[in-house]
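Colleague: I have just opened this one and I'm new to it. Can you walk me through it?

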Amino acid sequence: MKPPQGCVQQWKINHDYITDFTSNHDGTSLLATCADGKLSVFDMRYVKQKGGSKSIVLPDVDPNWDPTQNNQPQQQQQKKKPTWETHGYTQSENQEDELLSCTFIKQSSKLVCGTQEGILSLFSKDIWCDVSDRYPGHPQSIDAILKIDEDTVLTGSSDGLVRAVQLLPNSLLGVLGGHDGFPVEALGWSAGRKMVGSVSHDEYIRLWDASFLNDDDNDDDDEDDDATGNDDANKMAVGVAKGGGEDSEDDWEDMDEDEDMDEDGSEDDDSDSDDSDEGGKKPKKRENIFKTSNEEFFSDL
């Protein structure tokens, strides 16, 4: 099929609608999720390749066709499997679950995809044939994903909630907001990343205060500026931000002890409390602001 006027390249290699797409950090690859359960990866350099086909269309082969049954039309049988070099794309195996949304994390080394079954599926860079990690937990489909930082994303689900999720290590941080049970279809940042917008089947566009989601980035910048004079504080902050570290558990214990300490507490304990507050400030702030699923449910009663 000839591309329409103005179209420089087209692929039709899937057997259902395309749900989402994103590109890697250097723009050399375009990745698309599809309701047929396959992840497609396209080489953007192929577009400028001389002699390459500008329209690549696969036959409408039934993805559930059983090759042991010799009943496939002759015109639908492929003589040669397309390759990355000759056709500019590759595909994953069928995940047997609809892939609905996607975004890159971990400096583009991981692609996280939301699925119909409520599972976050992660693919590793250059190993697109199958998932490398899976994180279940959402009760319904994950229709939208928005990256917060290299370790954290917001998810919009069919149950109407916008959740914050940390990946590798995996943890549900809390609920940012919701749409009263109506599916969340899309999420996006405002200019300056002070608000997150969500759209839903309830016909509302809602803006959520998300300034606290950027506190980690701002604090990291301050730590870089003062690195030479605050080496110990920097190491503590990095350990807590990563969810662990050599001294992070002691820091949290010190903070808990300081909360119950009377006025006669020692000067050394006060010093430990100050250090622990500096290292644990960011995770504590997020925990206080996020609502749990139960709090979100009972707040409407």
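Modeller: Here is a quick tour, from the whole chain down to single residues.

Modeller: This is a predicted model: local features need pLDDT of at least 70, side-chain atom pairs count only at pLDDT 80 or more, and totals for chains, interfaces and linings use all residues. Residues are numbered from 1 along each chain as its sequence is written, and side-chain values use heavy atoms, with hydrogens and water left out.

Colleague: How many helices and strands are there in the protein chain?

Modeller: Six helices and 17 strands. Both are DSSP runs numbered from the N terminus: helices are H or I with at least four residues, strands are E with at least two.

Colleague: And what share of the residues is buried?

Modeller: Buried residues are 41% of the 301 in the protein chain. Buried means under 20% relative accessible area, exposed over 50%, partly exposed in between (1.4 Å probe, protein chains only).

Colleague: What about the accessible surface of the chain?

Modeller: About 17,600 Å², with 47% of that belonging to carbon and sulfur atoms. Areas come from the Shrake-Rupley method with a 1.4 Å probe; for residues, only the protein chains shown count as cover.

Colleague: Which residues form a nonpolar patch on the surface?

Modeller: Met-195, Val-199, Ile-205 and Leu-207, with about 380 Å² of accessible area together. Patch residues have over 30% relative accessible area and no salt bridge; like charges are joined within 9 Å, nonpolar side chains (Val, Leu, Ile, Met, Phe, Trp, Tyr) within 5 Å. Strands β16 (195-200) and β17 (205-209) each supply at least two residues of the patch.

Colleague: Where does Met-195 lie, and why does it count as partly exposed?

Modeller: Met-195 is in strand β16. It counts as partly exposed because its relative accessibility is 35%.

Colleague: What does β16 pair with?

Modeller: Strand β15 (residues 184-189), in the antiparallel sense, over five bridges. Two strands pair if DSSP finds at least two bridges between them. Leu-187 stands opposite Ser-198 in β16. β15 and β16 form a hairpin with five residues between them, and Gly-192 in the turn has a positive phi of about 85 degrees.

Colleague: New topic. What is the strand order in the open sheet of four strands?

Modeller: β7-β8-β9-β10, with antiparallel pairing. The edge strands are β7 (99-105) and β10 (133-135), each pairing on one side only. β9 (residues 120-124) and β10 pair over three bridges. There, Leu-120 has Tyr-135 of β10 as its bridge partner.

Colleague: On to charges. How many salt bridges does a search of the whole structure find?

Modeller: Six. A salt bridge is a side-chain nitrogen of Lys or Arg within 4 Å of a carboxyl oxygen of Asp or Glu. One of them joins Lys-106 and Asp-151, with the closest N and O atoms 2.5 Å apart. That pair links distant parts of the chain, 45 residues apart: Lys-106 is in the loop between β7 and β8 (110-115), Asp-151 in the loop between β11 (142-147) and β12 (152-157).

Colleague: Lys-106: buried or exposed?

Modeller: Buried, at a relative accessible area of 16%. Asp-151 is partly exposed at 33%.

Colleague: Which side chain does Asp-180 meet in a salt bridge?

Modeller: Arg-206, at 3.4 Å, N to O. They are 26 residues apart, with Asp-180 in the loop between β14 (171-178) and β15, and Arg-206 in strand β17. Asp-180 is exposed, at 54% relative accessibility.

Colleague: And Arg-45?

Modeller: The Arg-45 side chain meets that of Asp-43 in a salt bridge (3.0 Å, N to O). Arg-45 is exposed at 51%, whereas Asp-43 is buried at 9%.

Colleague: Which residues does a cis peptide bond join?

Modeller: Leu-168 and Pro-169, with omega about 5 degrees. Pro-169 is in the loop between β13 (161-166) and β14. Leu-168 has a positive phi of about 50 degrees although it is not a glycine.

Colleague: What is phi of Asp-126?

Modeller: Near 65 degrees, a positive value in a residue other than glycine. Asp-126 is in the loop between β9 and β10, and it is exposed at 62% relative accessibility.

Colleague: Last one. What is Pro-3 in contact with, leaving aside neighbours within four places in sequence?

Modeller: Gln-10, Lys-54 and Ser-55. Contact means heavy atoms within 4.5 Å. Pro-3 and Lys-54 are 51 residues apart in sequence and 7.2 Å apart in space, C-alpha to C-alpha.
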